Amino acid sequence: MIARNRLRIAAQKSGRLAEPARQLLARAGLEFRQSRDRLFCFGETFAIDLLLVRDDDIPGLITQGACDLGIVGRNVLVEQSLAARRAGAPAPCVELLPLGFGRCRLSIAAPQRLAFEGPASLSGQRIATTYPRLLERWLAEQQVEATIVELSGSVEIAPSLGTADAICDLVSSGATLSANQLEELATVLESEAVLVGPEGALAGVRAELLEDLVRRIAGVLTVRDARLLMLRAPRARIDEVRALLPVSANSIVLSVEGQGDEVALQAICPSDVNWVQLEGMKRAGAHSLLVLPVER
C-alpha cells in the first residue's frame, strides 16, 4: 500500500530513457537514496519515491496502484492502452506531460526492392512488429489489409530471414535500418518520453505533490534550452542591438550608475544565442557580452 503522504513514480531502470529521466528529476530538485538492490529510491528532498523497473511494466504498476506516476515512452503507453481497449479493459494510464527527450518514431520499413507508392503498396504484405496494436490501428486508418507478424525482438532481421516482407519498428537515427538494408517508408507514431498517471485524479496530499512535481518539471522543460544574455551598449544604439535578439527573447534595459550614455541589457532567450547574433550585436556597439544557461 502506498503511503498516503508520499508519491511514488516508476521509471526505466536501464535503457535509453533511464538516465535522461533521472537527470530531469534531479533538475526538478529531487534527490534519492537507493536501496541495496538499487531498484527502490527513497526521496530525501521531496516526498516522492522512485521505483526502477522495466518500461513495459510501468503502465501496469500504475493500474495496480503500486505507483502513482511513471516516465515511459509514448509508444509503450499507446500500445498497452490499445491492447486494454481491445480486451474491454480501461486504459492503464494516461499521458500527463510530454518530456521532450527519447524522441523516436514507430515506422514502417522494408527492403529497397519493395516498390512503395503509398500505404496501399503494403496490401497483402507480411509486416513484423513488436507493436501489433499500433500497427493494426494504422493499417485500419489507411484501409490496408496486411498480415501482422508479432515478434518479441530482432524485428529488423525478419525480411532477410523471409519471415516478413516489411517491419514496423522504432527508429531514431535510422542506422539500424541502413545496416539491415531497409528503407523507412511511413511513420505510424511520433514518440517521446512522457509523464503518465492514472485516469482518475489523485486526492489529498498526493494530489498536491503531483501538482508541485508537474509545475517543477514544466519549469525545467521551459528553460531547458534557454539562455540569459547580458551586455552593455550605448543608449543611442540599444534599439539596434535589441533588434538582433533571438525571436521571442524577453529583454529589459537598465541604467548604469555613473554612465548616462550607456545602458545594460538583460534578455531571456528561449534558445541558444549563436555566434552570428553575438557578432552582429558587437558591431552594433554592444560589449561585455555574456551568455549563461538558465536552470530554473
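User: What relative accessibility does arginine 74 have?

Analyst: This is a predicted model, in which local features need pLDDT of at least 70 and side-chain atom pairs count only at pLDDT 80 or more, while totals for chains, interfaces and linings use all residues. Residues are numbered from 1 along each chain as its sequence is written, and side-chain values use heavy atoms, with hydrogens and water left out. Buried means under 20% relative accessible area, exposed means over 50%, and partly exposed lies in between (1.4 Å probe, protein chains only). Arginine 74 counts as buried, its relative accessibility being 16%.

User: Which residue forms a salt bridge with arginine 74?

Analyst: A salt bridge is a side-chain nitrogen of Lys or Arg within 4 Å of a carboxyl oxygen of Asp or Glu. The closest N and O atoms of the pair with arginine 74 are 3.6 Å apart, and the partner is glutamate 192.

User: How many residues apart in sequence are the parts that this pair ties together?

Analyst: Helices (H or I, at least four residues) and strands (E, at least two) are DSSP runs, numbered from the N terminus. Arginine 74 belongs to helix H3 (residues 74-86), whereas glutamate 192 lies in the loop between S11 and strand S12 (193-197), so the parts they tie together are separated in sequence by 118 residues.

User: What is the relative accessible area of glutamate 136, which meets arginine 133 in a salt bridge?

Analyst: The side chains of glutamate 136 and arginine 133 are joined at 3.3 Å, N to O. Both residues lie in helix H4 (residues 132-141), three residues apart, which is about one turn of the helix. Glutamate 136 is partly exposed, with a relative accessible area of 32%.

User: How far apart are the closest N and O atoms of aspartate 212 and arginine 215?

Analyst: Aspartate 212 and arginine 215 both lie in helix H7 (residues 204-222), about one turn of the helix apart, that is, three residues. Aspartate 212 is partly exposed, its relative accessible area being 25%. The two residues form a salt bridge, and their closest N and O atoms are separated by 2.5 Å.
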